[in-house]
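I set out to look up a few local features in this entry. My notes follow in the order in which I took them.

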Amino acid sequence: MNSLVKREAVIRHVLASPYSSFYRNHFRSEIAHNLTEETWASMPLLSRTDITIIPFWKRVFAPRESVPVVRNTYGTTGAHTLVVPRSTYGDYKGIFGSPAPRIVMNFFASAHNHFPQLQIGSQTVYGDVKHLDGTVAIAECLRPDCIYLPPYAALIFGARLSPRIRNGIRLVLMTGERCSAPQYAELKRLYPHARVAMTYASSETREAVALSCERMQRQPSLIHEISSLFYVELVHPETGTLLSDDVAEGELVITTLETLVPFPLIRYRTGDLARRSACGCSQLFSYEVLGRVQAYPVKIARGQLTLPAVEQL
């Protein structure tokens, strides 16, 4: 089934749902039939504001009692309750390889309840870089073979681990920020027997939208679209107009290509800048994530500083 047919099926699903009027306030019903690329490009984009102003129970496209949720998490999709897609776990499980990790040390509190639902047979323990001594002590005792954390935490954590524990880790799975080439080289030195991989995810999906390229050594932030689950576009960060294939850089827009999720995303603006990039492997779509469209400022003694300003020094 091609992408356009899948997108049309998702639109029909959300417009016909008796459980939510969210998309009926955004899209005309006639676009659900004979969808074309031109019609698709003219459809409105969803923003973070569009989602957050709608109460959780009005955004769900299924009976509330049948929706699997992860509670006490934070993210745009739900301040207190987060709807988790049902059918993305199959692809997400493949990241861990076979055999599955024995113990996963997860540094993301908001994702801690995801791992049991993956059904990979792994025990999950929680790590916290803010309590590094205790986390290192737990790791030295339990000897995890997979860690899930941001790149900066992987560097700090790895520097504190004993060689015996570092050599036993075979998967360093990272998300949450860019991984530079120097960071990647240091991670490969710290974890010599591990596969070092990046995932791209958003707080709205809570699942991997894309995975890092196998040629990650050259471009650590190069990711590939999981085309069976999501449709990815680039739009102009200011005007929101769809960019043609010959325009390399823009804001990432994602669409959920499935209906078996409680809250499908249609043309959602992630707020992340990305660049189209050809790495020479067999994948059709690859993007290098560059950072946020609007850089978050950090307050310092005499003003504010953003990450792009630091990178230009």
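**Strand E12 and its glycine**

I located Gly 271 in strand E12, which spans residues 268-276. The model I am reading is a predicted one. I checked the accessibility of Gly 271 and found a relative value of 13%; this residue therefore counts as buried, since the cut-off is under 20%.

I then listed the contacts of Gly 271, leaving aside residues up to four places away in sequence. Gly 271 touches Glu 251, Leu 252, Gly 291, Arg 292 and Val 293. For Val 293, I also noted the C-alpha separation from Gly 271: 5.4 Å, although the two residues lie 22 residues apart along the chain.

I looked up the pairing of E5 on both counts. Strand E3 (residues 103-106) runs parallel to E5 and is joined to it by three bridges; Asn 106 has Tyr 148 as its bridge partner. Strand E6 (residues 171-174) is also parallel to E5, with four bridges between them, and Leu 171 in E6 stands opposite Cys 146.

**Cysteines**

Are Cys 141 and Cys 146 buried or exposed? I found Cys 141 exposed, at 61% relative accessible area, whereas Cys 146 is buried, at 0%. With a cut-off of 2.5 Å between cysteine sulfur atoms, I counted zero disulfides.

Conventions:
Residues are numbered from 1 along each chain as its sequence is written. This is a predicted model: local features need pLDDT of at least 70, side-chain atom pairs count only at pLDDT 80 or more; totals for chains, interfaces and linings use all residues. Side-chain values use heavy atoms; hydrogens and water are left out. Buried means under 20% relative accessible area, exposed over 50%, partly exposed in between (1.4 Å probe, protein chains only). Two strands pair if DSSP finds at least two bridges between them. Helices (H or I, at least four residues) and strands (E, at least two) are DSSP runs, numbered from the N terminus. Contact means heavy atoms within 4.5 Å.
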